[in-house]
Amino acid sequence: MQHLYIARNLEKKLKVIKRTGKKGEQAAARCERLLDLIRRKGLMVDAVYRKRTKNGEYRVNKCIKYDLGGGYRLVTIKDGQSLFVPFAGDHDETDLWLEHHRYDTYHADDPAYLAEDINSCDQPQGEQLEIAD
């Protein structure tokens with residue numbers, strides 16, 4: 001079993017993103033669908049795995065970024081059996097957030113995160129689930 005830790009302020013951030021226009025609405029909806037899919041199927045299901053950004057992220061250790069479309073990104077930190085979801089934002093906001101948080105540490109008992117259990121899979125599953133665009 002893996003654990004998902006979602007930043008308490010992520011829901012508020014997604015509401016702000018929704019108010020930025022059509023692209024923001026679509027990106028926030030994709031983020032919510034992606035998180036729901038992670039909750040139900042785990043990280044390695046194809047529909048989740050394919051949403052990773054092409055270039056990855058090297059400034060923050062164990063960071064995986066997901067492309068939400070319209071220039072928006074979801075930042076996650078995978079640490080052992082834990083997945084932290086600290087931030088979502090547009091490309092520039094994400095870049096700035098990564099610069100300011102490159103040395104952060106992530107702990108299961110951090111009160112800034114809400115904890116949930118998720119499915120775990122060691123390898124990508126062949127099941128085709130789409131995150132509608």
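This is a predicted model: local features need pLDDT of at least 70, side-chain atom pairs count only at pLDDT 80 or more; totals for chains, interfaces and linings use all residues.
Now the overall layout. The protein has 4 helices and 5 strands. Along the sequence the pattern reads β-α-α-α-β-β-β-α-β. There are 133 residues in the protein, and 43% of them count as buried. For contacts between residues at least 6 apart in sequence, 60% join residues at least 24 apart.

Next, the sheet. In which order do the strands lie? The 5 strands form an open sheet, ordered E2-E3-E4-E1-E5, with mixed pairing. E2, residues 63-69, and E5 are the edge strands, each pairing on one side only. From one strand to the next, the twist averages 25°.

Take strand E1, residues 2-7. Of its 6 residues, 5 are buried, so E1 is largely enclosed by the rest of the structure. E1 pairs with strand E5, residues 113-118, in the antiparallel sense over 6 bridges. In that pairing, alanine 7 is opposite tyrosine 113 in E5. With strand E4, residues 82-90, E1 pairs in the parallel sense over 4 bridges. Here leucine 4 stands opposite leucine 83 in E4.

Over at E2, the partner is strand E3, residues 72-79; the two run antiparallel and are joined by 6 bridges. Aspartate 67 stands opposite arginine 73 in E3. Both of these residues come up again with threonine 53, which is found in the loop between helix H3, residues 46-49, and E2. Is threonine 53 buried or exposed? At 16% relative accessibility, it counts as buried, since the cut-off for buried is under 20%. Leaving aside neighbours within four places in sequence, threonine 53 is in contact with Lys65, Tyr66, Asp67 and Arg73.

Now the other helices. Helix H1, residues 10-18, lies across E1, E3 and E4, and runs at about 25° to E4. Helix H2 also packs on the sheet, touching E1, E2, E3, E4 and E5, and its direction makes about 130° with that of E2. H2 covers residues 22-41, which is 20 residues. From first C-alpha to last, H2 reaches 28 Å, close to the 28 Å expected at 1.5 Å a residue. Its buried residues are Gly24, Ala27, Ala28, Arg30, Cys31, Leu34, Leu35, Leu37 and Ile38. After H2 comes glycine 42, with a positive phi near 95°.

Last, the aromatics. How many aromatic pairs does the structure hold? There are 5, and I will describe two of them. The rings of tyrosine 5 and phenylalanine 84 have their centres 4.8 Å apart and their planes at 20°, so this pair is stacked. Tyrosine 5 is in strand E1 and phenylalanine 84 in strand E4, so the pair ties together parts that are 79 residues apart in sequence. Tyrosine 5 and phenylalanine 84 are both buried.

In the second pair, the rings of phenylalanine 84 and tyrosine 106 have centres 5.5 Å apart and planes at 45°, so the pair is tilted. Phenylalanine 84 lies in E4, and tyrosine 106 lies in the loop between H4, residues 91-100, and E5, so this pair ties together parts that are 22 residues apart in sequence. Tyrosine 106 is buried, as is phenylalanine 84. Which residues make up the aromatic cluster? Tyr5, Phe84, Tyr106 and Tyr113 form one cluster.

Note on methods
Residues are numbered from 1 along each chain as its sequence is written. Side-chain values use heavy atoms; hydrogens and water are left out. The expected span of a helix is 1.5 Å times one less than its number of residues. Buried means under 20% relative accessible area, exposed over 50%, partly exposed in between (1.4 Å probe, protein chains only). Two strands pair if DSSP finds at least two bridges between them. Axes are lines fitted to C-alpha atoms, for helices over the stretch in contact, and angles run from 0 to 180 degrees between N-to-C directions. Contact means heavy atoms within 4.5 Å. Rings of Phe, Tyr and Trp (its six-membered ring) pair if their centres lie within 6.5 Å; planes under 30 degrees apart count as stacked, over 60 as edge-to-face and the rest as tilted.
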